[in-house]
Amino acid sequence: MTPGAGLYSARVAWRHSLRFRLALVYTLATLVIVTVIGVGMVLYLLGQMDRQFQQRLNERAEVIAEGFKNPQTNLGKPAQPTSGYTAILDLSGNIQAVSPALQVANGPQLTRGQPFPYLNRRPLEIQGIPMRAAVRRAGDFGTVWVALSEEDVRAARTSALSALLLALAVTPLLMLLLGWWGGRRALAGLGQAADLADRIDPTRSLATLPLPRREDEVHRLLAAINRLLVRIEAGQAREKQLLGQIVHELGAPLTVLRASLSRAGDRTGDPEVLRAALVADELTFTTQDLMQMARGQLEMKLAWHYIPARTLQGRLDRLVPGTTFEGDWEAGILCDPDRLTQALRNLLANARRAAGPQGSVTLTLAETPEEVRFTVRDTGPGLPTELGERIFDPFVSGSGSSGLGLSVSRQIAVMHGGSLSGSNPPGGGAQFVLTVPGAALGDEDDGGPGDDLEDDGPGDGPPPGPPHGRTPDDPLPEESREAASPTLRG
């Protein structure tokens with residue numbers, strides 16, 4: 001076992017386990033109580049035993065002394081059995097007589113007229129046996145000395161102390177185990193509620209937590225959490241309703257504006273009007289995404305087309321000017337052109353804003369039979385490492401923006417059957433990789449996204465270009481290009 005591992009585990013358990021803290025507190029409290037009560041009881045019992053022993057010793061000495069002082073009181077009475085040792089001493093402390101047991105224990109050393117060696121000895125031991133003595137006056141005869149063995153008293157004292165130490169050692173361990181088990185049973189509902197709360201998805205459901213049968217502290221806590229969930233759900237409903245109303249109020253004017261600009265652009269061919277119509281298109285997409293989010297989840301419907309990559313390049317070049325396009329742009333892509341444009345536009349707009357006027361933004365297209373890969377690379381400061389994957393969550397932003405663009409882009413990629421990931425490459429800056437399945441997957445017999453689509457490739461007529469009749473070569477004024485990239489890095 002690693003030194004200090006037990007202490008570290010105890011610290012972790014103390015910090016993260018309520019059961020352990022309760023069990024430890026109860027164990028310490030029990031240890032203090034058992035110690036105080038146990039020590040008090042042992043001291044009381046030992047005191048009682050000691051007093052009883054001393055009382056018996058004193059009674060023995062007084063009976064013997066009374067027999068010498070009043071011999072006539074003992075006439076006709078049977079002799080009481082004696083135990084221990086007895087000696088009769090004169091007033092000077094010299095031996096007058098000793099009991100046979102004491103004479104046997106000490107041999108010829110105890111003779112009449114000699115000083116008694118055990119009179120004032122403390123502690124008193126005879127042949128290694130602890131003794132306790134009492135002295136009483138015996139009238140004119142002198143002094144009575146009586147001694148009894150303390151072995152039983154000392155053995156009882158040792159047994160009581162051993163029992164107390166054993167109780168102090170075993171009781172805390174048992175209390176810790178019982179406290180842990182009891183705390184686990186008592187807090188089982190709270191642990192289950194914590195597991196259920198971890199699985200709550202605020203974007204889908206705020207279902208209340210089940211309440212235990214007993215109306216204890218855990219019940220009150222879970223009931224308070226349920227009331228909080230109800231208030232959160234009500235607040236979310238009000239927010240969604242407000243967002244839906246705002247989007248509805250924006251949607252109708254944008255639809256009229258887009259139609260008017262489209263007709264004006266078709267009549268005049270003015271690039272400024274065409275540019276404004278394209279921006280109105282993108283704003284319409286954004287309001288639709290917000291509407292879907294107000295309904296509870298971001299769900300978008302795709303309109304599949306097979307388009308040349310050059311068409312997509314032209315639209316992106318107008319939306320985010322200054323982008324460097326690399327890779328093979330002669331291929332065809334099976335996608336929803338408007339949605340894929342929206343996803344890549346968000347990524348390029350984020351990259352352009354992060355790179356600044358002096359930085360560079362590169363979009364590289366690479367195609368394989370399995371997938372089409374778009375790589376957006378910039379020379380900006382890179383992605384915030386503390387956000388991680390949360391940068392793709394709605395309304396999570398690392399640059400003060402709304403935080404919706406990356407979430408929408410990933411959703412579009414997933415709906416196409418692909419993916420979107422972000423990283424900080426070794427050369428600096430940020431890099432996003434968006435993939436969609438290759439066009440060949442649409443010809444499989446098991447039903448792909450292109451099974452029910454008409455082939456809009458070069459051999460069957462002109463490919464669908466940008467909306468409103470615009471072509472990839474439509475020029476755009478420099479001063480209006482910045483407005484086409486409203487969504488920043490999430």
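Two residues are in contact when they have heavy atoms within 4.5 Å of each other. Of the contacts in this chain with a separation of 6 or more, 64% are between residues 24 or more positions apart. The structure is a predicted model, in which local features need pLDDT of at least 70 and side-chain atom pairs count only at pLDDT 80 or more, while totals for chains, interfaces and linings use all residues. Residues are numbered from 1 along each chain as its sequence is written, and side-chain values use heavy atoms, with hydrogens and water left out.

The chain has 10 helices and 12 strands; these are DSSP runs numbered from the N terminus, helices being H or I with at least four residues and strands E with at least two. Buried residues make up 38% of the 490 residues, where buried means under 20% relative accessible area, exposed over 50%, and partly exposed in between, with a 1.4 Å probe and protein chains only. The accessible surface of the chain comes to about 27,800 Å², and carbon and sulfur atoms hold 57% of this area. Such areas come from the Shrake-Rupley method with a 1.4 Å probe, and for residues only the protein chains shown count as cover.

Two strands pair if DSSP finds at least two bridges between them. Three residues lie between S9 and S10, and the two strands form a hairpin. S10 is also joined by seven bridges to strand S12 (residues 431-437), again in the antiparallel sense; here Arg 373 has Thr 435 as its bridge partner. Asp 378 is found in S10 and is buried, with a relative accessible area of 2%. Its C-alpha is 9.2 Å from that of Asn 350, although 28 residues separate Asp 378 and Asn 350 in sequence.

In soluble globular proteins, nonpolar side chains tend to be buried together. The largest core here has 38 residues, and Leu 340, Phe 374 and Leu 434 have the most contacts inside it. At least two residues of this core come from each of helix H8 (309-319), strand S8 (332-335), helix H9 (337-355), S9, S10, helix H10 (405-415) and S12. H9 gives the most, with seven residues. Beyond its neighbours within four places in sequence, Leu 434 touches several residues, including Leu 340, Ala 343, Val 372, Phe 374 and Ala 413. Another core lies apart from this one and has 15 residues, among them Ala 87, Ile 95, Ala 105 and Leu 124.

Nine of its 11 residues are buried, so H8 is largely enclosed by the rest of the structure. The buried residues include Leu 312, Gly 314, Arg 315 and Leu 319. By contrast, Arg 310 is partly exposed, at 40% relative accessibility. Arg 310 forms a salt bridge with Glu 330, their closest N and O atoms being 2.8 Å apart. Glu 330 lies in the loop between strand S7 (323-327) and S8, and Arg 310 in helix H8, so the pair ties together parts that are 20 residues apart in sequence. Glu 330 itself is exposed, with a relative accessible area of 59%.

A salt bridge is a side-chain nitrogen of Lys or Arg within 4 Å of a carboxyl oxygen of Asp or Glu. The structure holds eight salt bridges. Asp 50, Arg 132, Glu 150 and Arg 154 are linked in a network of them.

Note on methods
A nonpolar core is a set of buried Ala, Val, Leu, Ile, Met, Phe, Trp, Tyr and Cys residues joined through side-chain atoms within 4.5 Å.
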